[in-house]
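Welcome, and please open your viewer.

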Amino acid sequence: FEVFFYRSEYAHIRTLADYVIAHHYPELQETANPYQALLKEVIRRTAKLIARWQAVGFAHGVMNSDNMSILGLTIDYGPFGFLEAYQPGYICNHSDYEGRYAFDQQASIGLFNLSCLAQALLPLFDDKPEQGAEWAQAALGEYQPAFVKEYAALMRAKLGLRDALDEDQQLLQGLLDLMKAGGTDYTILFRQLAEFKTGTEGSDHPARDLILEREAFDQWAGQYAARLQKENSDDHERRERMNKANPKYILRNYMAEIAIRKAEAERDYSEIDSLFRLLQKPFDEQPEFEHYAGHPPDWADSIAVSCSS
């Protein structure tokens, strides 16, 4: 869309938009302005997509606008990575020197990219450009609320909370701050948190051993237990829900590296097959792959990926 816009080939923008709507968003054909409806739907889908990235700790790595999908899908990621030690500013692409696409920048970059799409679609919105631009700005204003709503719901699910309360954001941030201070593994911590027992002391919870500041965790655990009791949370039922929201397995870079080395050096593709089977069920207990549920080996710290990886 941007290529045609900058070439002033507006007829092609319309052709492309008509194709996308007909083949992927046919329900929009009945709206008053299908092109405006298209932008709003892409905004909504992109907000939800990036919220889901953030919830599972996925970093895309190269969020140029031409790497964003008109369908709201994750595409065209060369360097990518899942958070291991929780660092909000995690950069998975070693050639991203300024951290433009760092983990904690993904939501804002998503909005920037949508503004690029909105600009490219302006010729289709209105005969009066200023009115079309005004409408596009209003549509883009729906992105942040949609992102926050989706992210908040996903993170409540990761914490095992059914109800939405104002205090939940503070509870979540308190845990993330503890994880950041000690470089706690994001995936392992949330998976372990499912084992939290509301009727015991903080020192008895397995997740405590993953936090550097143990006494601070005990204080947080007390707040968490009180929050769970507010909605009469049942530990067994909550554990089942949390294990459906928190993956046990992610594709860590060292896992991919092992598979690549075996394939290239030995023509042994068994590791690729194993990872393929493992990652089809990332939330399930898979005893044969238990070794992939733990912390990465020390040598994994030296792995760096770029657009040419």
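**Stop 1: the loop with S8**

Select S8, which sits in the loop between α1 (2–6) and α2. Helices here are DSSP runs of H or I with at least four residues, strands are runs of E with at least two, and both are numbered from the N terminus. With 49% relative accessibility, S8 counts as partly exposed. The terms work like this: buried is under 20% relative accessible area, exposed is over 50%, and partly exposed is in between, using a 1.4 Å probe and protein chains only. Now look at the backbone: phi of S8 is near 60°, a positive value in a residue other than glycine. Most residues other than glycine have a negative phi.

Before going on, a word on what you are looking at: this is a predicted model, in which local features need pLDDT of at least 70, side-chain atom pairs count only at pLDDT 80 or more, and totals for chains, interfaces and linings use all residues. Residues are numbered from 1 along each chain as its sequence is written, and side-chain values use heavy atoms, with hydrogens and water left out.

**Stop 2: the whole chain**

Zoom out and colour by secondary structure. The protein chain has 12 helices and two strands, and from the N terminus on the order is α-α-α-β-β-α-α-α-α-α-α-α-α-α. The C-alpha trace spans about 65 × 55 × 35 Å along its principal axes. Of the 309 residues, 45% are buried. Among contacts (heavy atoms within 4.5 Å) with a separation of 6 or more, 66% are between residues 24 or more positions apart.

**Stop 3: α2 against α3**

Select residues 10–24 for helix α2 and residues 34–56 for helix α3. Two packed helices are described by the angle between their axes and the distance between the axes. Here the angle is about 65° and the axes are 11 Å apart. Axes are lines fitted to C-alpha atoms, for helices over the stretch in contact, and angles run from 0 to 180 degrees between N-to-C directions. α2 and α3 are therefore roughly perpendicular to each other; that label covers 65 to 115 degrees, while under 35 is roughly parallel, over 145 roughly antiparallel and the rest oblique. The crossing of α2 past α3 is left-handed, meaning that the near helix is turned anticlockwise from the far one by less than a right angle.

Show side chains for R14, A17, D18, V20 and I21 of α2, and for P34, Y35 and L38 of α3, which make the contact. Six of the contact residues are nonpolar, none polar and two charged. Nonpolar covers Ala, Val, Leu, Ile, Met, Phe, Trp, Tyr, Cys and Pro; charged covers Asp, Glu, Lys and Arg; the others, Gly among them, are polar.

**Stop 4**

Next, select E150 in helix α6. Is E150 buried or exposed? E150 is buried, at a relative accessible area of 15%. Leaving out residues up to four places away in sequence, E150 touches K48, A51 and R52.

Display Y151, M155, R156 and L159 of α6 together with D168, L172, L175 and L176 of α7 to see the contact.

**Stop 5: N232 and α10**

Move to N232, in the loop between α9 and α10. N232 is exposed, with a relative accessible area of 68%, and phi of N232 is near 50°, a positive value in a residue other than glycine.

Continue into helix α10 (residues 235–245) and pick out the buried R238, M242 and N243. Looking down the axis of α10, you will find the buried residues within an arc of 135°, so they line one face of the helix; the arc is that of the directions from the helix axis to the C-beta atoms. Cover for these residues includes α6 (143–159), α8 (186–193) and α9 (214–230).

**Last stop: S306**

Finish by selecting S306, in the segment after α12 (270–278). S306 is buried, with a relative accessible area of 11%. Beyond residues up to four places away in sequence, S306 touches G78, P79, N93, H94 and S95.
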